Amino acid sequence: MKILIADDEAHILNAIKFLFAKRGHDVYMAEDGETALHLARTEQPDLIFLDINMPRKSGLEVCEAIRADASLGEPPIYILTGQDRSFASEENHTSSGVTAYLIKPIAPRALLEILASHQPGVG
């Protein structure tokens with residue numbers, strides 16, 4: 001599975017990459033929104049994690065651009081945020097094309113459950 005992770009905090013990128021790569025997945029990393037959008041277009045990932053606050057484009061702007069580009073399909077897009085749970089309400093994410101919001105810090109088990117739910121033949 002191809003997975004795109006975008007976050008401007010290197011330790012978060014590296015931790016999530018390690019978790020997924022050691023399970024055999026191809027992981028692409030971006031430290032800003034423009035790079036994330038470029039990687040989404042060139043690599044066409046199966047699963048995307050975007051930090052909400054990044055330089056050069058926010059996670060929501062990247063999500064909207066991906067959803068507006070029919071050639072990219074409908075990959076699940078998770079937004080990583082340090083904001084409180086009220087921000088991550090159902091109505092906020094359904095209107096913007098976000099699959100769900102994940103509140104930082106994110107437990108590795110939660111990430112693995114998300115991964116398993118999107119793998120063919122699992123769930």
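# Close-up views of a predicted model

**View 1. Phe49 is a buried residue.** Its relative accessible area is 0%, and buried means under 20%, exposed over 50%, and partly exposed in between (1.4 Å probe, protein chains only). The model is predicted, so local features need pLDDT of at least 70, side-chain atom pairs count only at pLDDT 80 or more, and totals for chains, interfaces and linings use all residues. Residues are numbered from 1 along each chain as its sequence is written, and side-chain values use heavy atoms, with hydrogens and water left out.

View 2. A pair of aromatic rings is described by the distance of the centres and the angle of the planes. Rings of Phe, Tyr and Trp (its six-membered ring) pair if their centres lie within 6.5 Å; planes under 30 degrees apart count as stacked, over 60 as edge-to-face, and the rest as tilted. A search of the whole structure turns up two aromatic pairs. One joins Phe20 to Phe49: the centres are 5.7 Å apart, the planes make an angle of 35°, and the pair is tilted. Phe20 sits in helix H1 (residues 10-21) and Phe49 in strand E3 (residues 47-51), so this pair ties together parts that are 29 residues apart in sequence. Helices (H or I, at least four residues) and strands (E, at least two) are DSSP runs, numbered from the N terminus. Both Phe20 and Phe49 are buried.

Phe49 also pairs with Tyr78. Here the rings are stacked, 5.5 Å centre to centre, with 25° between the planes. Tyr78 belongs to strand E4 (residues 77-81) and Phe49 to E3, so the pair connects parts that are 29 residues apart in sequence. Tyr78 is buried, at 7% relative accessible area.

**View 3. Strands E3 and E4 lie side by side as a pair.** Two strands pair if DSSP finds at least two bridges between them. E3 and E4 pair in the parallel sense, over four bridges. Leu50 stands opposite Ile79 in E4. E4 is mostly covered, with five of its five residues buried. Ile77, Ile79 and Thr81 point one way from E4, while Tyr78 and Leu80 point the other way.

**View 4. Asp51 carries an annotation and sits in strand E3.** The UniProt annotation "modified residue: 4-aspartylphosphate", from an unreviewed entry, covers Asp51. UniProt positions are given in the numbering used here, feature names are shortened, and annotations may be inferred rather than shown by experiment. Asp51 lies in E3. Asp51 is buried, with a relative accessible area of 4%. Leaving out residues up to four places away in sequence, Asp51 touches Ala6, Asp7, Asp8, Ser58, Gly59, Leu80 and Lys104. Contact means heavy atoms within 4.5 Å.

View 5. Side chains of opposite charge can pair when their charged atoms come close. A salt bridge is a side-chain nitrogen of Lys or Arg within 4 Å of a carboxyl oxygen of Asp or Glu. The structure holds eight salt bridges. In the bridge between Asp51 and Lys104, the closest N and O atoms are 3.1 Å apart. The pair links distant parts of the chain: Asp51 is in E3, and Lys104 is in the loop between strand E5 (100-103) and helix H5 (108-117), 53 residues apart. Both Asp51 and Lys104 are buried. A network of salt bridges links Asp7, Glu9, Asp51 and Lys104.

View 6. Asp32 bridges to Arg56, with the closest N and O atoms 3.4 Å apart. Asp32 is buried, at 12% relative accessible area, whereas Arg56 is exposed, at 57%. Glu34 bridges to Lys57, with the closest N and O atoms 3.6 Å apart. Glu34 is partly exposed, at 31% relative accessibility. Lys57 is also partly exposed, at 25% relative accessible area.

**View 7. Helix H3 has a buried face.** Gly59, Val62, Cys63, Ala65 and Ile66 are buried in H3. Seen down the axis of H3, its buried residues fall within an arc of 165°, so they line one face of the helix. The arc is that of the directions from the helix axis to the C-beta atoms. An α-helix has 3.6 residues a turn, so residues three or four places apart point the same way.
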